[in-house]
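This report goes through the sheets, the chain contact and the nonpolar cores of one structure. Please keep the sequence and the 3D view at hand.

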Amino acid sequence: MVRALINCPKTAKKGEVIEIKTLISHVMETGYRPGADGKVVPRDILRRFTCRYAGQEVFSADLFPAVAANPFISFTTVATASGTLSFTWDGDNGFTQTETVAITVT
Amino acid sequence: MIRLVLPAALLATGFALAADIPANERRSGFDFMSSSTQQMQRDDTLNPAMLWVAEGEAQWSEAPAAAAKSCASCHGDAVGSMRGVAARYPAFDERRQKPVDLQQRINLCRETHQQQPALAAESRPLLGLAAYIGLQSRGLPVSPPQDARLQPARSRGAALFNTAMGQLNFSCAQCHNDNWGHRLAGSPIPQAHPTGYPIYRLEWQGMGSLQRRLRNCMTGVRAEPLPYGADELVELELYLNSRAAGMTVETPAVRP
């Protein structure tokens, strides 16, 4: 079960800087570690995180094997208009997950 | 108070009996952590254990099979019904006639009331439920039950705590009673109060139970770790909980 937690204000004033915090369940297996059988466990990491605000990309990050499991990503953006923020994580083995959050800007 | 029962072998080696930590000197493992790790635990939006809690919350109201009842259909809203429950465990189980810890209680409930197979030790769903139930006791004092039937098991747990084991021949007490606050290699030795389990441990990059932690310590002194669910581990949990009585439950805690 993959689950993501997103902490983002539900309402904001126009022009206000809002802080968004995200946390996702992921093993972030580096591809360098041997398993119990001595064989290297294949790499399984998230490679990219993207946040879109009303369809427009406002933040993105590349992730690498050195990033810890269950990555926490925090960033800020400017509240421009009411709409949806969508958060997408893409990774190895075709992994993709998108979460959306609505924000009301007054 | 609990009297420590020392095995004859330990007395023969001439170790002085480790003194219990006085109540006013007891400190949670939280106090031994770096400020950044403390911050991770304080802020739920930063604490990765909340991912397990979210899963546990979803499982709580979800029927595990079409014909089975969900946890919520008997226990209702966990926020009310499970308040203070985790702070009491391990507790005496009538059916088994022995103490069981919270995770064993969850599995007993699954087997008897939901007719489902027990969840595997350290499995994600079991840790999730334990973390979700544990969260309902956060901020409450650890309250081991005053049940006379638990006393023999608690004494056995105390004896195990004071028994030297493994190739390094260390008892729990030698580190956690006599040398807390000092360092073992680079890491501070805490007092071993189980106030935040299940915990998100950075070293594990995941969630783990108190039994996993106890087995870890046993491996550390190069002893054969007891299997998950062993009576001895539950007895040790029971003793540790009475040792931490009155301290604040932190579940789900973060540890380095």
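## Three-stranded sheet of chain A

In this predicted model, chain A holds an open sheet of three strands in the order β1-β3-β6, paired in the antiparallel sense. The edges are taken by β1 (4–7) and β6 (72–78) of chain A; each has a single partner strand, so one side of each lacks a neighbour in the sheet. From one strand to the next, the twist averages 20 degrees.

The pairing of β1(A) with strand β3 (residues 17–24) of chain A is antiparallel and runs over four bridges. Within β3(A), A:T22 is the bridge partner of A:I6.

Strand β7 (residues 83–91) of chain A pairs with strand β4 (residues 46–53) of chain A in the antiparallel sense, over seven bridges. One residue pair here is A:F49 with its bridge partner A:W89 in β7(A).

β7(A) also pairs with strand β8 (residues 96–105) of chain A, again antiparallel, over eight bridges. A:T88 stands opposite A:T98 of β8(A). β7(A) and β8(A) make up a hairpin with four residues between them, and A:N93 in the turn has a positive phi of about 55 degrees.

## Contact between chains A and B

Chain A contributes 11 residues to the contact and chain B contributes nine residues. On the side of chain A that touches chain B, β1 and β3 of chain A supply at least two residues each. Sorted by class, this side of chain A has six nonpolar, three polar and two charged residues.

In soluble globular proteins, nonpolar side chains tend to be buried together. The largest nonpolar core has 56 residues, of which B:A49, B:A130 and B:A131 touch the most other members. Helix α7 (residues 124–135) of chain B gives the most to this core, eight residues. At least three residues of the core come from each of domain 1 (8–43 + 146–246) and domain 2 (49–135) of chain B.

Which residues does B:A49 touch, not counting those up to four places away in sequence? They are B:A131, B:Y200, B:M207, B:P252 and B:V254. Another core, of six residues, lies apart from the largest one, and its members include A:C51, A:Y53, A:A79 and A:L85.

How values were computed
Residues numbered from 1 in each chain as written. Chains lettered and ligands numbered in written order. Predicted model: local features only at pLDDT ≥ 70, side-chain atom pairs only at ≥ 80, totals over all residues. Core = buried A, V, L, I, M, F, W, Y, C linked by C-beta atoms within 7 Å. Buried ≥ 20, exposed ≤ 12 C-beta atoms within 10 Å, placed from the backbone. Domains from an automatic or database assignment. Contact = placed C-beta atoms within 7 Å. Pairing = 2+ DSSP bridges. Axes fitted to C-alpha atoms, helices over the stretch in contact; angles between N-to-C directions. Nonpolar A, V, L, I, M, F, W, Y, C, P; charged D, E, K, R; others polar.
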